[in-house]
Amino acid sequence: MPAGEFCHLSPPPGSAEEEEWVWTQIKAEARRDAEAEPALASYLYSTILSHSSLERSLSFHLGNKLCSSTLLSTLLYDLFLNIFSNDASLRSATVADLRAARFRDPACVSFSHCLLNYKGFLACQAHRVAHKLWTQSRRPLALALQSRISDVFAVDIHPAARIGKGILFDHATGVVVGETAVIGNNVSILHHVTLGGTGKFGGDRHPKIGDGVLIGAGATILGNIKIGEGAKIGAGSVVLIDVPPRTTAVGNPARLVGGKEQPTKHEEIPGESMDHTSFIADWSDYII
């Protein structure tokens, strides 16, 4: 079924019914896939179909992904389940992230595919738990979890970083998010993006990413700067100063499309539309 039809049939985002609706979809998809591919039947049963809720399935899957010989899957399962079960805002964020992948990425064939196989999604959910631990002053455990997330998913997010909901880490390999970074809602970030500092100084030193921002692959954003709501950062750009809302910054060093005085502004929300290239005619005469 096309994403647009799913959007029409599903409950409104953030509603009380949405979590149950998504979980129902996931179970139906898992049953379908188990019938179509018997080799996956046992795997799908253990990760999805044997569980009574999305948070139990996710906690089980994350525990098995992130465990090691000395950090047991049972310990991680209990940790994840306790935090997800007692924080409705985290469960809501998980559902929003599932929807983000399903409806923004044409390669995402189902909610269950995202839940089981999208390492950007899994890294983000594990980070949410690490961040919760950080706010509870359980910092050694939060940092240990960060290390495992980095080892397993190649995504390095400091547990103090604050991340909104409706987040898509697309492909996700090599994403780095620093300690004092903030990412708003409905943001899409491609692989090898760095939200970093500018040196060894402490304090508030990392970027603040507004709602609806799209950050292209390989972009580097450094320092305590603001990327305005609905802005677009072109792939491979290096951004060192604020980017105004609804504008596009591209290049190394990045420059605003349309110029600094009167930059071109767009109406769509690029973090949701995933439009990476509409600016190119205004920015360059590049011809192959």
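**Notes on the cavities**

1. Start with the spot where two domains meet around a hole: the lining of the largest cavity takes at least three residues from each of domain 1 (16–154) and domain 2 (161–287). Those domain bounds come from an automatic or database domain assignment. Keep in mind that this is a predicted model, where local features need pLDDT of at least 70, side-chain atom pairs count only at pLDDT 80 or more, and totals for chains, interfaces and linings use all residues. Residues are numbered from 1 along each chain as its sequence is written, and side-chain values use heavy atoms, with hydrogens and water left out.

2. How many cavities of 30 Å³ or more does a search of the whole structure find? Two. A cavity here is a set of points on a 1 Å grid over the protein atoms alone where a 1.4 Å probe fits but cannot get out, and lining residues have an atom within 4 Å of a point. The volume is the space filled by probe spheres set on the points, which are joined across faces, edges and corners.

3. The largest cavity is about 60 Å³. Its lining includes Asp97, Tyr118, Cys124 and Phe169. Helix H8 provides the largest share, four residues. (Helices are DSSP runs of H or I, at least four residues, numbered from the N terminus.)

4. The second largest cavity has a volume of about 40 Å³. Among the residues lining this one are Glu19, Leu54, Phe84 and Arg91. Here H4 gives the most, with three residues.

Notes
On a 1 Å grid over the protein atoms alone, a cavity is a set of points where a 1.4 Å probe fits but cannot get out, and a pocket is an open set with protein on both sides within 12 Å along at least five of seven lines; lining residues have an atom within 4 Å of a point. Helices (H or I, at least four residues) and strands (E, at least two) are DSSP runs, numbered from the N terminus.
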